[in-house]
Amino acid sequence: MAGVHGPFDSIKDIKEGRQILRLKVRVVRVWEVCQRDNPSNVFSLEMVLVDAEGERIQASIRKSHD
């Protein structure tokens, strides 16, 4: 893992079981996913992230259920 002020990890460094990474990414695309039965209710926010090496990954942020 990179130190607090050290270099960043790459998206390609993501492996199953590794929990702590330090990534520096840009968000290149964002969209909302709505519930099928209620299109006005957003289920999650989806995005494509890209790092300095051009590696891409999709990320999801689910709506919290209060």
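Biologist: How many salt bridges does the count come to?

Modeller: Before I answer, note that this is a predicted model, where local features need pLDDT of at least 70, side-chain atom pairs count only at pLDDT 80 or more, and totals for chains, interfaces and linings use all residues. Residues are numbered from 1 along each chain as its sequence is written, and side-chain values use heavy atoms, with hydrogens and water left out. A salt bridge here is a side-chain nitrogen of Lys or Arg within 4 Å of a carboxyl oxygen of Asp or Glu. By this rule the count is one.

Biologist: Which residue forms a salt bridge with Glu-53, and where do the two lie?

Modeller: The closest N and O atoms of the pair are 3.4 Å apart, and the partner of Glu-53 is Lys-12. The pair links distant parts of the chain, 41 residues apart: Glu-53 sits in the loop between strand 2 and strand 3 (56–62), and Lys-12 in the segment before strand 1. Strands (E, at least two residues) and helices (H or I, at least four) are DSSP runs, numbered from the N terminus. So the name you asked for is Lys-12.

Biologist: Why does Glu-53 count as partly exposed?

Modeller: Buried means under 20% relative accessible area, exposed over 50%, and partly exposed in between (1.4 Å probe, protein chains only). Glu-53 is partly exposed because its relative accessible area is 49%.

Biologist: Good to know! What pattern does the chain follow along the sequence?

Modeller: The chain has zero helices and three strands. Of its 66 residues, 17% count as buried. Read along the sequence, the pattern is β-β-β.

Biologist: What is the volume of the largest pocket?

Modeller: On a 1 Å grid over the protein atoms alone, a pocket is an open set of points where a 1.4 Å probe fits, with protein on both sides within 12 Å along at least five of seven lines. Grid points are joined across faces, edges and corners, and the volume is the space filled by probe spheres set on the points. For the largest pocket this gives about 150 Å³.

Biologist: How many of the residues lining the largest pocket are charged?

Modeller: Lining residues have an atom within 4 Å of a point, and they include Asp-9, Lys-24, Arg-26, Asp-51 and Glu-53. Strand 1 (25–34) and strand 2 (42–51) each supply at least two residues of that lining. Asp, Glu, Lys and Arg count as charged, Ala, Val, Leu, Ile, Met, Phe, Trp, Tyr, Cys and Pro as nonpolar, and the others, Gly among them, as polar. The lining has four nonpolar residues, one polar and, for your question, five charged.
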